[in-house]
Amino acid sequence: LITKSASKRGWVHQEIGYAMALNVPILPITLDRVPEGMLQNLHAVAWSSNLKALKQKLSYETFDNLVKFAQENFPPLFECAEFHEARTKMLIDYAKKVRELGFFGHIRQKGLLSSFHIPNKPLSDPIWRQRYGTTIPSEYRCQLLLEERRIFEEHARESGCSLIVDPYYVYNEKEYGISGRLARLKPLLEFLESMPDDKIKIAFYKGIPKQQNLIIVGDWFVAESISASFSSGFRQTIFTRHAPTIQRKIETFDQELHNLLKNQKIPPQLSRKFAIQKIEQLIKNWRVV
């Protein structure tokens, strides 16, 4: 219900804007003259003393059409990205959507090396060719990966991150070589070195299945991959905004991270420094090889 006075207050329009961004159906009813700006585009209903006419404007069909329109113009609670590029594009879009709403989410990720092993450097940098060796993908795919790294880093620097990774995995020697291993570990090491201790927890899990990757951004969305290869990337990634599912995934992830650090006798607040030391040692050993 919008009065002439309320329409002049910024927070009223802000609340309506948030609702629209979340695809909540809106039907403003104005008690005075229809205000200018945002509400004009929402087909506001003017209050009338003629109850019969007002009832026609506020009919069941009016509200039913609003709800149907919202359902048809918003992603479902579950989506599947079949191929690598689609997965990366959806990760970027979902993460940007959270940021556009004015929020940042804590990044939780379980996988071989996480999104933070992607180089945060222009595609012209030699590290991209070193990363892929003889199997360098298209420029489009590399650009998507770079965007993934950068938007996730924005979230992590604002809200922190928790990582479960396997830095011991030996990549395809024929395709990637020693330089390919180093080009994956170095970006992760640089990211860890740049993060404060209170913004990150990280545990090593030797033997994570290479085809699995779990990403949780705050309590906004989950992306879980169940199939992958190093030549084609992750496939069949399920995205969900279903709140109970997200909460269960968060609880399971946090418990697994806690158990890993406990079993390895690493205090959470020191996990970053421990990870840095281990990765530095791996890099040193592989350089010798």
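Mentor: Happy to! A residue is called buried when its relative accessible area is under 20%, exposed when that value is over 50%, and partly exposed in between. Lysine 273 has 41% relative accessibility, so it counts as partly exposed. Keep in mind that this is a predicted model.

Now for the part I would pick: helix 6, which covers residues 139-159. Here Arg149, Glu153 and Arg157 are joined in a network of salt bridges. Start with arginine 149 and glutamate 153, whose closest N and O atoms are 2.8 Å apart. These two residues sit 4 residues apart in the helix, about one turn. Glutamate 153 also forms a salt bridge with arginine 157, and there the closest N and O atoms are 2.7 Å apart. Again the spacing is 4 residues, about one turn of helix 6.

Arginine 157, at 34%, counts as partly exposed.

For another kind of pairing, go back to lysine 273: its side chain meets that of aspartate 197 in a salt bridge of 3.7 Å, N to O. Aspartate 197 lies in the loop between helix 7 and strand 6, while lysine 273 is in helix 9, so this pair ties together parts that are 76 residues apart in sequence. Aspartate 197 has a relative accessible area of 26%, so it is partly exposed. Altogether, the count for the model is 10 salt bridges.

Methods
Residues are numbered from 1 along each chain as its sequence is written. This is a predicted model: local features need pLDDT of at least 70, side-chain atom pairs count only at pLDDT 80 or more; totals for chains, interfaces and linings use all residues. Side-chain values use heavy atoms; hydrogens and water are left out. A salt bridge is a side-chain nitrogen of Lys or Arg within 4 Å of a carboxyl oxygen of Asp or Glu. Buried means under 20% relative accessible area, exposed over 50%, partly exposed in between (1.4 Å probe, protein chains only).
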